Amino acid sequence: MSTNSKLNILFAASEAAPLIKTGGLADVAGSLPAALRELGHDVRLILPAYPQTIDKLGKVSTAATLKMGGHQQPIRILRGTLDNGVPCYLVDAPEYFSRQGNPYLSPNGHEWGDNAERFALFSRAIIAIGQNRSQLKWQPDVIHCNDWQTGLVAPLLSTEPGRPATIFTIHNLAYQGLFDQSTFNRLELPEELWTLHGLEFHDQLSYIKGGIVYADRVNTVSPTYAKELLTAEFGYGLEGLLSHRTDHFSGIINGIDYQEWDPNNDSRIPHHYDHHSFQLKQLNKQALQRAFGLPDKPDALLFGYIGRLVAQKGVDLILQVIPGIIDRGGQVIMLGSGEAELEQAMEEVHQRFPKQTGLFIGYDEDRAHQVEAGCDAFLMPSRFEPCGLNQIYSLRYGTVPIVRHTGGLADTVIDVTPETLTNGTATGFHFNKATGTALWGAVERALDFYQHSRSHWERLAITGMQQDLSWASSAEHYQALYIKALSDLET
Ligand code: ADP
């Protein structure tokens with residue numbers, strides 16, 4: 001198969017921006033298919049038909065109906081088109097997906113009790129399309145599965161003749177889709193899959209293992225996270241299995257949507273700028289300080305944080321360094337929602353320093369753009385980070401990232417060292433240990449740098465803005481992966 005063959009690709013995910021989003025997977029599923037279409041492939045997205053997803057897709061029609069075992073009513077496949085031109089199928093099984101709120105959690109924050117059934121059905125619908133058992137008159141050469149919600153596709157498809165090639169992308173190994181053995185029986189999965197070499201994982205049914213064991217090619221979202229997953233520290237007991245598949249396992253860094261995240265053409269920020277007019281960023285800083293009730297202080301180094309408030313993100317480390325930042329005349333703005341304890345801890349620190357910290361608890365895309373545009377530096381002290389998007393948005397917005405040296409953070413931000421300063425490649429600050437002290441070391445280096453020479457700081461920020469962080473090059477890596485998977489299938 002040559003690189004100029006046009007492929008039919010079915011891109012399967014449980015969320016995709018702008019239709020439905022809880023995290024980075026949605027950003028990828030919302031952008032990568034469009035970048036692959038730019039390369040000439042016929043890529044179609046498939047998602048569950050959550051109510052808000054149907055609404056946001058706008059005009060939809062019924063493209064097919066599927067008869068599925070155990071379901072009285074046929075499952076409808078709705079079809080619409082995203083604004084970026086990507087055709088989108090929605091698997092409309094109202095008893096499973098017609099619920100308000102989060103795709104995975106009920107309003108009380110617990111996982112939906114029938115998640116195993118919901119995503120088994122989703123996977124079976126993907127297979128029906130993959131094997132041309134629907135009336136779509138379109139069959140993929142490749143099915144690109146993402147995370148545990150699509151983990152049953154590759155194992156259930158593996159024994160079928162004339163099947164498409166399968167890719168499985170791990171966006172975060174911490175989420176695995178683990179269920180008990182009775183669920184395995186209830187789902188009437190083929191008995192031969194219940195083995196150590198199949199879906200069984202310590203007496204549990206593991207959806208993610210299905211993808212890892214059976215997909216033709218497996219990848220994750222950065223080269224460093226791919227290496228980390230082979231170790232006991234990051235592998236959650238799956239490191240042996242992944243090591244066994246190293247020949248078929250790789251890391252491809254995510255890109256970002258250049259239309260959505262462009263400081264020179266972003267309708268959500270008050271003042272547009274690019275690397276030629278970097279000084280205009282200062283106006284966004286002033287607007288942000290005002291919006292969050294902080295005094296106008298053009299020379300205070302303004303740090304930002306955006307993200308889920310969970311232990312993974314190292315939010316507790318940020319809380320530890322805030323008093324030091326304030327002592328040195330800095331300010332901090334935080335935007336996020338998540339675990340109740342962390343939300344409360346953030347509230348407390350904000351109440352303690354109301355004039356030096358700004359806080360918004362909640363999910364707010366407008367504010368996310370304004371924080372990226374207005375802050376000088378961005379804190380991302382994740383304990384682990386498969387790829388991470390906010391540090392990439394920060395680079396694009398000239399907001400210098402301060403990151404833990406892990407996963408995609410290590411791959412996208414170049415640490416300030418005498419060497420990287422001399423050769424002009426430095427874009428941010430790294431630290432190693434997941435401790436408040438280590439984070440403080442990096443924060444202090446940033447404060448020294450900013451306070452010592454504003455023009456050097458500007459150089460750092462502008463170097464970040466000039467990186468190519470678009471999807472174009474990542475999409476070429478995925479294209480190469482599809483071709484490898486197809487040739488695996490042929491041999
Ligand atoms: P993860 O997938 O682990 O949550 P990523 O950095 O890969 O982390 O992606 C998170 C995405 O969600 C980014 O697009 C980020 O801007 C967005 N995001 C997270 N929390 C918020 C929030 N409170 N408000 C707006 N956007 C948010």
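These legends go with several close-up views of one predicted model.

The model is predicted, so local features need pLDDT of at least 70 and side-chain atom pairs count only at pLDDT 80 or more, while totals for chains, interfaces and linings use all residues. Residues are numbered from 1 along each chain as its sequence is written, and side-chain values use heavy atoms, with hydrogens and water left out.

**View 1. Nine strands in an open sheet.**
Here 9 strands line up in the order β3-β4-β5-β2-β1-β6-β7-β11-β12, with mixed pairing. At the edges sit β3 (61–66) and β12 (249–251), each pairing on one side only. From one strand to the next, the twist averages 25 degrees. A few words to know: strands (E, at least two residues) and helices (H or I, at least four) are DSSP runs numbered from the N terminus, and two strands pair if DSSP finds at least two bridges between them. Strands of a sheet pair through backbone hydrogen bonds, either parallel or antiparallel.

Take a look at β2: 7 of its 7 residues are buried, where buried means under 20% relative accessible area, exposed means over 50% and partly exposed is in between (1.4 Å probe, protein chains only). In a regular strand the side chains alternate between the two faces of the sheet. On one side of β2 are Asp42, Arg44, Ile46 and Pro48, with Val43, Leu45 and Leu47 on the other, and all are buried. β1 and β2 run parallel over 5 bridges, and Asn8 stands opposite Asp42. To get from β1 to β2 the chain goes through α1, in a right-handed β-α-β crossover; right-handed means that, with the strands pointing away from the viewer, the path from the first strand over the helix to the second runs clockwise. β2 also joins β5 in parallel through 4 bridges, and there Leu47 has Leu90 as its bridge partner.

Helix α20 (residues 471–490) lies across β1, β6, β7, β11 and β12, at about 135 degrees to β7. Contact means heavy atoms within 4.5 Å, and angles run from 0 to 180 degrees between N-to-C directions, using axes fitted to C-alpha atoms (for helices, over the stretch in contact).

**View 2. An aromatic pair, Tyr50 and Phe97.**
How are these two rings arranged? Their centres are 5.9 Å apart and their planes at 85 degrees, so the pair is edge-to-face. Rings of Phe, Tyr and Trp (its six-membered ring) pair if their centres lie within 6.5 Å; planes under 30 degrees apart count as stacked, over 60 as edge-to-face and the rest as tilted. Tyr50 is in the loop between β2 and α2 and Phe97 is in helix α3, so the pair ties together parts 47 residues apart in sequence. Tyr50 is buried at 2% relative accessibility, and Phe97 is buried at 0%. Both belong to one aromatic cluster, with members including Tyr96, Trp148 and Tyr207.

**View 3. Thr412 in helix α16.**
Thr412 is found in helix α16 (residues 407–412) and is buried, with a relative accessible area of 11%. A polar atom of its side chain lies 2.7 Å from the backbone oxygen of Gly408. Among the residues that Thr412 touches are Ile253, Leu395 and Thr427.

Notes:
A polar contact is a pair of N or O atoms within 3.5 Å; within protein, one must be able to donate a hydrogen and the other to accept it, and residues adjacent in sequence count only if both atoms are side-chain atoms. Lists of a residue's contacts leave out its neighbours within four places in sequence.
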